[in-house]
Amino acid sequence: MKKWYKRYITWFCMALCILALVGCSAKEEQVSALSKEENENTATLAFSWSPSGLDPHSADSWEIMRSGAAETLIKLSKELVPEPWLAKSWEQVDETTWLFELQENVKFHNGKAMDATAVKDSLQRAIDNHQGTKDLLKIKTIEAVSKTQLKIQTTEVNAALISNLADPGTIIMDVDSLDSEDSYPAFTGAFVVKQFNQDESLIVQRYEDYWGDKAKLDEVTIKYISDANTRLMALQSGDVDGATDISVEYIEVLGKNEQLEVLTAQSLRTHLVMYNMDSPLFKQLAVRKVVDSLIPRQEMMDSVLMGQGTVAVGPFSSILQFGQLDQMEENQSVDGLMEQDGWSKNRDGLWEKDGKVFEATFLTFPQRPELTVLAEVIQSKLLEQGMKVNIRQVENIDETLVNEEWDLAMYSMLTAHTGSPHFFLETFYKTDSASNMNHFASRTVDAMIDEMHGTTDPEKSTELAIEIQEEIAEEVPHSYIVHPNTVFAVNKDLQGFEALPIEYYYNHANIDKE
Amino acid sequence: MKLKRLEQLNTGLLAGLVILLGIFLAGLLAPWIAPHDPLAVNLASRLQSPSWTYPFGTDHLGRCILSRILYGIRISASSAFIILFLTMLIGLPIALLTGSVRGRTDNLMMRFIDSTLAIPDIVLTIAIVGLLGPGLVNMIFAIVLVRWASYVRFIRSLVLKIFQEDYILSAKMAGNSHFRILRRYVLPEIKMPILVFGALDLGKIVLNIAGLSFLGLGSQPPTPEWGAMLNDATDYFQISPYVMIFPGLAIVLFVLACQLVSEKLGELRYDFR
């Protein structure tokens with residue numbers, strides 16, 4: 001009796017297993033058949049950072065811009081020159097007043113027409129909701145003169161207003177669309193948001209009522225993969241058609257794969273070392289000069305970055321006019337500079353002052369792994385010269401820089417993201433700026449930055465920017481190391497996906513798939 | 001008697017002990033046997049394949065992987081021993097006390113331990129290191145803080161069982177003090193199971209340390225720690241697999257040896273019963 005019972009149970013279980021397996025395979029076939037059909041007009045891209053929401057007037061603006069769903073009044077060209085986008089043309093009425101002529105026939109994704117009032121509301125919301133945008137634009141009043149004309153008045157002369165209006169923080173949206181809870185915010189881009197899952201994916205599809213040339217692809221799925229290795233493997237396995245931010249180490253591996261192509265562009269990013277000007281060790285200019293002179297920039301460029309980038313002379317990439325600085329020569333020797341500051345070498349070959357050995361804390365962070373590698377190189381170079389440095393990796397670098405004690409820190413910054421030097425110089429070097437995290441203070445530099453803001457003549461402004469950088473360089477508050485290249489990789493079937501110096505425009509209407 | 005025991009030692013235990021001893025000797029003698037300075041950065045010879053000069057190849061900063069693994073023993077293995085020692089130091093007295101005294105203290109202690117054991121230990125460790133900030137010392141502190149509870153639970157169960165034996169009752173009736181009973185009749189009895197448990201746990205602790213360092217919570221660069229070496233290697237394993245294989249093998253070897261010793265010790269215990 002018992003055996004009979006057992007046998008039936010076994011058969012039943014086996015039948016269940018077979019059924020389950022058959023069920024799975026059938027479903028997979030269906031899925032692959034479906035995706036094959038869709039594949040013809042869709043593409044999948046892998047980006048590294050996911051927005052936390054779709055409100056563009058927040059810290060998430062960049063990621064929304066990159067999805068191709070949103071637009072700003074001004075667009076920056078490959079050469080970082082401001083070009084018309086939602087604004088057809090513009091003119092400066094007087095020192096602080098600008099008049100914009102808007103594109104006609106622009107419709108938000110919810111079907112509402114974009115007029116000057118809608119743009120005004122959007123800009124006003126951008127300023128009210130985000131301090132960064134407010135500082136960037138310095139707007140006093142916005143006025144809708146007619147349906148297609150917008151007048152903007154700034155609180156002071158803001159020479160960088162036009163290029164700053166390309167900042168993703170100023171994305172134009174239908175403000176009312178935020179009230180509705182069952183639909184996504186309405187932008188004006190060539191793609192409309194279909195589905196958003198935080199930290200996972202953003203699916204956008206072609207917007208049929210787009211005012212310009214319509215998108216070539218029906219649908220683009222953006223997957224957010226924060227780990228660089230996973231992103232790369234997704235590309236290698238064919239899960240995605242293009243991936244951003246590829247480690248330079250993999251360029252060679254990818255080159256061997258015939259189906260894949262590596263895209264690079266000079267970036268506007270700068271990897272730098274910050275000196276804490278309040279720390280007892282780095283208060284003295286001599287010590288900062290010593291560390292600066294010991295950084296093996298070219299060696300790092302050739303090995304760690306594998307030649308993908310340019311050695312930095314100043315904070316801005318030399319592809320920019322205001323980034324073309326002359327290299328400063330330091331003639332004094334390490335020993336000379338250290339001794340000048342009262343340091344002497346002890347028996348172990350380490351520098352010592354008042355009985356205390358030179359020992360500094362060097363902060364780095366894991367989100368950009370190459371920075372830690374660069375820090376380790378600097379650490380070993382300093383140790384060779386008798387300076388002990390302890391590396392500390394912190395999860396949130398910005399918080400640690402403000403709240404804790406440190407001597408040195410690795411940092412990476414898009415120094416000219418709007419194509420103008422104003423933002424970086426103002427936020428990093430003005431005495432009272434919240435982002436002046438290493439406590440650099442110079443009245444001369446403050447005054448020069450103010451003067452630059454008031455200078456509308458581009459040539460004069462560039463000259464001033466260079467002068468400011470030279471003035472700052474005298475004090476060595478930072479050591480600029482390299483401008484790393486932007487590296488993307490794509491499947492060769494994907495066309496139009498480009499690596500650009502500007503990091504705003506990733507997905508766009510002209511991307512197509514063979 | 002001792003010789004007889006040695007004869008009966010099986011090859012498994014012997015192999016495990018030899019591997020462990022070898023690893024510790026290598027760690028101890030690292031400054032003399034390591035072919036290079038484990039911290040010396042040499043960008044000109046980065047990511048090299050194994051050769052005579054670099055038997056295990058070089059990492060992304062041109063540092064000798066063999067030398068780093070040898071010096072890594074000092075960090076990984078000695079931290080594991082420190083952790084084991086500290087957890088024992090906390091766990092053993094508490095377990096002896098609660099197991100032998102029972103009553104309300106025991107009850108209270110056990111409920112507290114239950115609540116710590118309810119949270120997966122790696123999650124709790126990560127949370128504590130996260131609060132204290134990454135670093136080797138903080139990591140050791142966090143692991144000890146999480147691990148002692150399981151020791152108390154294990155040792156207490158042994159003590160409980162022994163206290164139900166008749167000879168303990170006899171000892172009590174003979175007028176032995178509580179402390180003397182613990183020292184003379186309980187400790188010798190639980191020595192072996194604790195050794196088995198400890199040996200097994202040593203392997204787990206090394207994995208734990210490596211895991212946390214892999215997440216960047218343990219030792220800070222450029223300290224040559226096995227887990228941290230694996231973490232460094234993640235960006236390069238497609239182009240130069242050696243950077244990942246050798247530190248990985250070192251961890252496997254150590255954990256395997258610990259498991260062998262623990263398992264064979266356990267068998268021995270029953271043989272000698």
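This is a predicted model: local features need pLDDT of at least 70, side-chain atom pairs count only at pLDDT 80 or more; totals for chains, interfaces and linings use all residues.
The C-alpha atoms of chain A fill a box of roughly 95 × 80 × 40 Å, taken along the principal axes. Chain A has 514 residues, and buried residues make up 42% of them. Contacts across the sequence can be counted too. Take the contacts in chain A with a separation of 6 or more: residues 24 or more positions apart account for 68% of them.

Now look at strand E5 of chain A, residues 97-102. Strand E5 has two faces. Trp98(A), Phe100(A) and Leu102(A) make up the covered face. Thr97(A), Leu99(A) and Glu101(A) make up the uncovered one. Which strands pair with E5(A)? One of them is strand E4 of chain A, residues 87-94, which pairs with E5(A) in the antiparallel sense over six bridges. E4(A) and E5(A) form a hairpin, with two residues between them. In this pairing, Gln92(A) stands opposite Trp98(A), and Trp98(A) belongs to the covered face of E5(A). Another partner is strand E7 of chain A, residues 149-154. E5(A) and E7(A) run antiparallel and are joined by five bridges. Here Thr97(A) stands opposite Gln153(A), and Thr97(A) lies on the uncovered face of E5(A).

Further along chain A comes an open sheet of three strands. Its order is E15-E16-E17, and the pairing is antiparallel. The edge strands are E15 (344-345) and E17 (356-357), each of which pairs on one side only. Strand E16 covers residues 351-353 of chain A. Two bridges join E16(A) to E15(A). Across that pair, Ser344(A) stands opposite Glu352(A).

Next, the meeting of the two chains. How many residues are in contact between chain A and chain B? The count is 20 residues of chain A with 16 residues of chain B. On the side of chain A that touches chain B, several elements each supply at least two residues. They are helix H6 (228-236), helix H7 (251-256), helix H9 (297-303), helix H11 (369-384) and strand E19 (388-393) of chain A. H11(A) gives the most, with seven residues. By class, this side of chain A has eight nonpolar, seven polar and five charged residues.

Turn to chain B. The UniProt record, an unreviewed entry, carries the annotation "domain: ABC transmembrane type-1" for residues 73-262 of chain B. Over those residues the chain is 84% helix and 0% strand. The end C-alpha atoms of this span are 20 Å apart. The unreviewed entry also annotates "transmembrane region" at residues 12-34, 80-102, 122-146 and 239-261 of chain B. Two of these spans can be compared with the model. Residues 12-34 of chain B are 91% helix and 0% strand, and their end C-alpha atoms lie 29 Å apart. Residues 239-261 of chain B are 87% helix and 0% strand, with end C-alpha atoms 36 Å apart.

Two helices of chain B show how its helices can pack. Two packed helices are described by the angle between their axes and the distance between the axes. Helix H4 (residues 65-101) and helix H9 (residues 178-214) of chain B have axes that come within 9 Å and cross at roughly 145°. The crossing of H4(B) past H9(B) is right-handed. Residues of H4(B) that meet H9(B) include Ser76(B), Ile83(B) and Leu96(B). On the H9(B) side they include His178(B), Val186(B), Asp201(B) and Ile209(B). The residues of this contact divide into 12 nonpolar, five polar and one charged.

Stay on helix H4 of chain B, where Gly91(B) lies. Is Gly91(B) buried or exposed? Gly91(B) is buried, because 23 other C-beta atoms lie within 10 Å. Leaving aside neighbours within four places in sequence, Gly91(B) is in contact with Trp148(B), Tyr151(B), Val152(B) and Ile155(B). Gly91(B) and Ala149(B) are 58 residues apart in sequence, yet 7.0 Å apart in space, C-alpha to C-alpha.

End with Glu165(B). Its place is in the loop between helix H7 (136-163) and helix H8 (166-173) of chain B. Glu165(B) is partly exposed, because 13 other C-beta atoms lie within 10 Å. Glu165(B) and Leu207(B) are 42 residues apart in sequence and 38 Å apart in space, C-alpha to C-alpha.

How values were computed. Residues are numbered from 1 along each chain as its sequence is written. Chains are lettered from A and ligands numbered from 1 in the order in which they are written. Two strands pair if DSSP finds at least two bridges between them. Helices (H or I, at least four residues) and strands (E, at least two) are DSSP runs, numbered from the N terminus. Two residues are in contact if their C-beta atoms, placed from the backbone, lie within 7 Å. Ala, Val, Leu, Ile, Met, Phe, Trp, Tyr, Cys and Pro count as nonpolar, Asp, Glu, Lys and Arg as charged, and the others, Gly among them, as polar. A residue is buried if 20 or more other C-beta atoms lie within 10 Å of its own, exposed if 12 or fewer, and partly exposed in between; C-beta atoms are placed from the backbone. UniProt positions are given in the numbering used here, feature names are shortened, and annotations may be inferred rather than shown by experiment. Axes are lines fitted to C-alpha atoms, for helices over the stretch in contact, and angles run from 0 to 180 degrees between N-to-C directions. A crossing is left-handed if the near helix is turned anticlockwise from the far one by less than a right angle, and right-handed if clockwise.
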